[in-house]
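Here are my notes on this one, point by point. Have a look at the model alongside them and tell me where you'd read things another way.

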Amino acid sequence: MTHKVTLLPSQVEFEVPQGQTVLEAALNNNIGFPHRCQVGACAMCMCKKVSGEVSYDLEPMLTEQEQQQGWIFPCLAHTESHLVLTFEE
């Protein structure tokens, strides 16, 4: 199953196939997505989830407050629904 991801404010959209992380799918679709390590250590790809659900094989190092605010690590996140993400605070 694939899920659609929409990046705000650019409205860029791409599909995330099952088994890929959000970052992997973005890079496979030639989407400019900030990243460095791709393993959740650098926080370069961190963005805010506006809507949708993600899951992780390995929980990222996010504080409870960051999680409540919607921050995610796309390099570790798998889509559980369609997502809307933003890099803006």
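**Notes on the predicted model**

1. Charge first. The protein carries 4 positive and 11 negative side chains, with the centres of the two sets 6 Å apart. Keep in mind throughout that this is a predicted model.

2. Overall dimensions. Along the principal axes, the C-alpha atoms fill a box of roughly 30 × 25 × 25 Å. The radius of gyration is 12 Å, and that agrees with the value near 12 Å that a compact globule of 89 residues would have.

3. Of the 89 residues, 39% count as buried. The protein exposes about 5,300 Å², and carbon and sulfur atoms supply 48% of that area. Taking contacts with a separation of 6 or more, 55% of them come from residues 24 or more positions apart.

4. Secondary structure. I get 2 helices and 7 strands. Going along the sequence, the pattern reads β-β-α-β-β-α-β-β-β.

5. The sheet. As a reminder, strands of a sheet pair through backbone hydrogen bonds, either parallel or antiparallel.

6. Pairing at the two ends of that order. β1 (residues 3-8) and β2 (residues 12-16) run antiparallel to each other, paired over 5 bridges. W71 in β5 stands opposite K48.

7. What is the peptide bond from L8 to P9, cis or trans? It is cis, with omega near 0°, and P9 lies in the loop between β1 and β2. The hairpin has 3 residues between the strands. Q11 is in that loop as well, and its phi is positive at about 65° although Q11 is not a glycine. For context, most residues other than glycine have a negative phi, and most peptide bonds are trans.

8. A43. Another positive phi turns up here: A43 is a residue other than glycine, with phi near 65°. A43 sits in the loop between α1 (22-28) and β3. Is A43 buried, exposed or partly exposed? With a relative accessible area of 36%, A43 is partly exposed, given that the class covers values between 20% and 50%.

9. H35. The loop between α1 and β3 also holds H35. H35 is partly exposed too, at a relative accessible area of 31%. Which residues does H35 touch, leaving aside its neighbours within four places in sequence? The answer is L23, L27, M44 and C45. Two of these, L23 and L27, fall within the 22-28 span of α1. H35 and M46 are 11 residues apart along the chain, and their C-alpha atoms are separated by 8.5 Å.

Key
Residues numbered from 1 in each chain as written. Predicted model: local features only at pLDDT ≥ 70, side-chain atom pairs only at ≥ 80, totals over all residues. Heavy atoms only, no water. Pairing = 2+ DSSP bridges. Helix = DSSP H or I, 4+ residues; strand = E, 2+ residues; numbered from the N terminus. Rg over C-alpha atoms; globule rule 2.2 N^0.38 Å. Buried < 20%, exposed > 50% of the residue type's maximum accessible area, 1.4 Å probe, protein only. Contact = heavy atoms within 4.5 Å. Areas by Shrake-Rupley, 256 points an atom, 1.4 Å probe, with all protein chains shown as cover. Lys, Arg positive; Asp, Glu negative; His and termini not counted. Charge placed at Lys NZ, Arg CZ, Asp CG, Glu CD.
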